[in-house]
Amino acid sequence: MESQAGDGGSVELDGAWLETLSPEPLLTRDYETRPSLVYERLRQRHGPVAPVDLLGVPAWLVLGYREALDVLQDDAGWPKGLENWRARSEGRVPADWPLGPSLEVNHVLIQGGPGYRPLRTAWDAALKPFQDPRHAQAKRLKTAVAAYADDLISLVGQAGGTGLADLSAQFSRPLPLMVASHLLGFPGSQGDDALMDMWRVLDAGPDAEPALERLLGALAELAAVKLEKPGDDFPSYLLAAHPDLSLDELARELFMLLGMTSDHVGILISNTVVEVISGEGGVRASLSAGMVRESMNRVVMRKPPLVNFVPRFAARDTPLGDYTIRAGDPVWVSCAAAHADPLFAGNVCPSTAVSTRAHLSWGAGQRQCPARELASTVAAVGVGRLFERFSNLELALPVDQLPWRSSPFMRGLRSLPVRYELAAMPQQPSANAPDAESADTAESAEAAESVLPDPAVGHRSSLWRYLTGLIGVGR
């Protein structure tokens, strides 16, 4: 089979075997440091779809925006579900493949087949109270996010009104984990050991495997508690919407919510902060105008947290880009590459006040991320509180020297060193003032009291002890 590299040559769409194309490794040092250059090199060589090697396993990587939409919006032609993977069924995927464990946990993000639709319907129902702004749970969630953010910022400030901090370790990463604990309904600080283990799993260090075992065990115990005594939390709502879920299945769904939400939201917060304080892409102006979500939309266009989606599989031999994809071949859609596709990026005006909603950061089609509004709310409230509480934030390193971590799925900062100056705390309005703002403040205080743990308990927790140990890092 001839392949076209964008040079105007012809292509025979005769369905050559993926394995015969000598796919080049994707996860190289170049990809770690400058993934955009890797995507562009692949685009020049192969067009909008390229054969790549993922740590010893061949796959197709979708680089074109139009082709990405074609795949994401056609769930029948490009289904999820590892049972559709021909090489896996034939035993040609190594048992010790490093990406295997993350794909073998069969939750809503991975699952295909007839079980997906009722599971997704249950997810939508369970998340609605937290995502519908008219619902009391959504209001309490925003109050909790702001309170957690304030706690973390105040902890940073214990090192002094000015100083150095790592906003990734001290704010962007712990905030969504704390919010996830609230969503899961962990009593008191009992979930903090699970949150620390989630941190270890995401870091993929030498202790990741035992941390994963402990985490799944803790989530299974939590699932059993919610089955026995439901509450106003995500696992209880999910069980109510899908009573047939086993405890093991529920634990896997809770793992997905905890892992994806925390990592995705944490990266989104850090990336937004960098874009704002570095002045890139006009986001500083939009944030100063109070348009936090517009700033975030610009960020996910330029630096999406989730760079490559979990694989789909060709249901039949199907032309895509300059190749024919064989039935059962794995296809990974790269949202980061699609956003850089000249056919798409060339039509996005960087100076417009309102950013485009045509980005693919939350996916597209029937399987668009079910928690996108939740994640956006948590990130927007967190970023908003940062720039309200700090009168000045500056990067402690040049923007091109910030340390990035890349994986086959996510791309975020390893650390976010900043110089900060805390703003003076504004005077709280009187509780006796008869205006609407005071009524809202009183309502928020009441909501916070109902959702936040006893601070004395929280400050004894493993997470809080770890964060306290980071105070004054780099001073």
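Me: What is the strand order in the open sheet?
Reply: In this predicted model, the order is β1-β2-β3-β8-β5, five strands with mixed pairing.

Me: Which strands stand at the edges?
Reply: β1 (24–25) and β5 (312–313). Each has a single partner strand, so one side of each is left without a neighbour in the sheet.

Me: And how do β3 and β8 run, parallel or antiparallel?
Reply: Parallel, with three bridges joining β3 (residues 57–62) to β8 (residues 330–333). W60 is placed opposite V331 of β8.

Me: Which strands does helix α2 touch?
Reply: Helix α2 (residues 35–46) packs on the sheet and touches β1, β2 (49–54) and β3. The direction of α2 makes about 125° with that of β2.

Me: Other topic: α9 and α13. At what angle do their axes cross?
Reply: Roughly 150°, with the axes of α9 (residues 174–184) and α13 (residues 247–278) coming within 8 Å. Angles over 145 degrees count as roughly antiparallel, so α9 is roughly antiparallel to α13. The crossing is right-handed.

Me: Which residues make the contact?
Reply: From α9, L175, P176, L177, A180, L183 and L184. α13 contributes L254, L257, L258, T261, S262, V265, G266 and I269. By class there are eleven nonpolar, three polar and no charged residues.

Me: What is the mean pLDDT of the chain?
Reply: 82, and 82% of the residues reach 70 or more.

Me: Where is it below 50?
Reply: One such stretch is residues 427–457, which has 20 contacts beyond near neighbours in sequence. Residues 1–14 also stay under 50, with 34 contacts beyond four places in sequence. Where pLDDT is low, the predicted coordinates should not be read in detail.

Note on methods: Residues are numbered from 1 along each chain as its sequence is written. This is a predicted model: local features need pLDDT of at least 70, side-chain atom pairs count only at pLDDT 80 or more; totals for chains, interfaces and linings use all residues. Side-chain values use heavy atoms; hydrogens and water are left out. Two strands pair if DSSP finds at least two bridges between them. Helices (H or I, at least four residues) and strands (E, at least two) are DSSP runs, numbered from the N terminus. Contact means heavy atoms within 4.5 Å. Axes are lines fitted to C-alpha atoms, for helices over the stretch in contact, and angles run from 0 to 180 degrees between N-to-C directions. pLDDT is the predictor's confidence in each residue, from 0 to 100. Angles under 35 degrees count as roughly parallel, over 145 as roughly antiparallel, 65 to 115 as roughly perpendicular and the rest as oblique. A crossing is left-handed if the near helix is turned anticlockwise from the far one by less than a right angle, and right-handed if clockwise. Ala, Val, Leu, Ile, Met, Phe, Trp, Tyr, Cys and Pro count as nonpolar, Asp, Glu, Lys and Arg as charged, and the others, Gly among them, as polar.
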